[in-house]
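Subject: Structure handover

Hi,

Here is the structure for you to look through. My notes on it follow below.

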Amino acid sequence: MRNFDIRELQLKEMELILELDRICKKYDIRYYMSWGSALGAVRHKGFIPWDDDIDVSMFWDDYIKFEQVCKIELNNKFFYQNDKNDEQFWLSWNKIRINNTTSMCPELKNIKCHWGVCMDIFPIIPVPDSLRDQKIQEFNVKIYKFLCNKYFLINSKDVSIKNKIKKCIYKIMPNRIISFLKKIALKNITKYNQEDYQMCGEILSMPYKEAIIKKELFGEPIYVEFENYLLPIPKEYDKYLSQCYGDYMKLPPENERTGHGDIIVDLERSFERYI
């Protein structure tokens, strides 16, 4: 059961996308409304009515540039979340969160990170042409994700042998070694020049093979209506959304019109109250 008004949450999340849009326009950074947010823009001219989050994607060079300019440009109402400034943040992509708010999965509250209302920022990474290079990239992605997941798995209630082994590895491996290995893996993942390859993918946030997509589907973003604002989506949005969702204009059955499950949302009070 939701403990919040989803429309109020969606309107709060608009503050995130408008701040990102402001910064990206100022610094000539390309981004796209993606996934459910792109689908909402095309099908509903705004949020999918039952969607409780907001997704954007950026090619890797823009992703890194945005991360850097946020250090000086991001309004202090917001928090740019990555593994550099939030030690227990366990995801392999970054987020922007709103300070003094809450959007938290109850079962993850033991992870001591920022749990404000958030927006996902997914990196789009060039994928090499040869199968050999793809296998090497995929291996590095698996290593990187494993190293990122430390605090998630340590706090997991999964008592399988596989998880116990992972927890033992984390406990004996110093953080400085984890950081060093993450840097090496990420360098190997992102070493390909975007201009030289035709394929790309959100391989840090999706299963590797499922993530691979033609670069041309993103292209020069087009601007469409989203909650009475004009915001960018992939140029070939029909092909993009068809690849993501199939017959994307068809509404799902009513029992599938749900968000991300049982989350604690408080638009007025900090997540620290719930930890």
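A residue counts as exposed when its relative accessible area is over 50%, and as buried when that area is under 20%. Lys-84 has a relative accessibility of 63%, so Lys-84 is exposed. Please keep in mind that this is a predicted model.

Lys-84 sits in the loop that links strand 3 (78-81) to strand 4 (94-98).

Lys-162 belongs to helix 6 (residues 161-172). Its relative accessible area is 58%, so Lys-162 is exposed. I also checked Lys-162 against Leu-204, 42 residues apart along the chain. Their C-alpha atoms are separated by 22 Å.

**The core**

The largest nonpolar core has 78 residues. Which of them touch the most other members? They are Ile-17, Leu-20, Met-58, Phe-66, Ile-96 and Ile-121. Helix 1 (residues 6-26) gives the most to this core, namely eight residues.

Leaving out residues up to four places away in sequence, Ile-96 touches Leu-16, Leu-20, Phe-66, Leu-74, Phe-78, Phe-79, Tyr-80, Val-117, Cys-118, Met-119 and Ile-121.

**Helix 1 and helix 3**

The axes of helix 1 and helix 3 (residues 60-73) come within 11 Å. They cross at roughly 105°. The two helices are therefore roughly perpendicular. Helix 1 brings Glu-19, Leu-20, Arg-22, Ile-23, Cys-24 and Lys-26 to the contact. Helix 3 brings Phe-66, Val-69, Cys-70 and Glu-73. By class, that is six nonpolar residues, four charged and no polar. Leu-20 and Phe-66 take part in this contact, and both are on the list of core residues that touch the most other members.

**Helix 2 and helix 9**

Helix 2 (residues 35-44) and helix 9 (residues 237-245) have axes that come within 11 Å. The crossing angle is roughly 125°. The pair is therefore oblique. Helix 2 passes helix 9 in a left-handed crossing. On the helix 2 side, the contact uses Trp-35, Gly-36, Ala-38, Leu-39 and Val-42. On the helix 9 side, it uses Tyr-237, Tyr-240, Leu-241, Cys-244 and Tyr-245. This contact has nine nonpolar residues, one polar and no charged.

**Helix 4 and helix 7**

Parallel or antiparallel? Helix 4 is roughly antiparallel to helix 7. The axes of helix 4 (residues 131-148) and helix 7 (residues 175-189) cross at roughly 150° and come within 9 Å. This crossing is left-handed. Helix 4 supplies Gln-137, Asn-140, Val-141, Ile-143, Tyr-144, Leu-147 and Cys-148. Helix 7 supplies Ile-178, Leu-181, Lys-182, Ala-185, Leu-186, Asn-188 and Ile-189. The class count is 10 nonpolar, three polar and one charged.

**Phe-152**

Phe-152 is in helix 5 (residues 150-154). Its relative accessibility is 30%, so Phe-152 counts as partly exposed. Setting aside residues up to four places away in sequence, Phe-152 touches Trp-90, Leu-108 and Ile-111. Phe-152 and Leu-108 are 44 residues apart in sequence. Their C-alpha atoms are 7.7 Å apart in space.

Most residues other than glycine have a negative phi. Here are two with a positive value.

- Lys-45 has a phi near 55°. Lys-45 lies in the loop between helix 2 and strand 2 (55-59). With 51% relative accessibility, Lys-45 counts as exposed.
- Glu-227 has a phi near 50°. Glu-227 lies in the loop between strand 9 (222-226) and strand 10 (229-233). With 15% relative accessibility, Glu-227 counts as buried.

Best wishes

Key: Residues are numbered from 1 along each chain as its sequence is written. This is a predicted model: local features need pLDDT of at least 70, side-chain atom pairs count only at pLDDT 80 or more; totals for chains, interfaces and linings use all residues. Side-chain values use heavy atoms; hydrogens and water are left out. A nonpolar core is a set of buried Ala, Val, Leu, Ile, Met, Phe, Trp, Tyr and Cys residues joined through side-chain atoms within 4.5 Å. Buried means under 20% relative accessible area, exposed over 50%, partly exposed in between (1.4 Å probe, protein chains only). Helices (H or I, at least four residues) and strands (E, at least two) are DSSP runs, numbered from the N terminus. Contact means heavy atoms within 4.5 Å. Axes are lines fitted to C-alpha atoms, for helices over the stretch in contact, and angles run from 0 to 180 degrees between N-to-C directions. Angles under 35 degrees count as roughly parallel, over 145 as roughly antiparallel, 65 to 115 as roughly perpendicular and the rest as oblique. A crossing is left-handed if the near helix is turned anticlockwise from the far one by less than a right angle, and right-handed if clockwise. Ala, Val, Leu, Ile, Met, Phe, Trp, Tyr, Cys and Pro count as nonpolar, Asp, Glu, Lys and Arg as charged, and the others, Gly among them, as polar.
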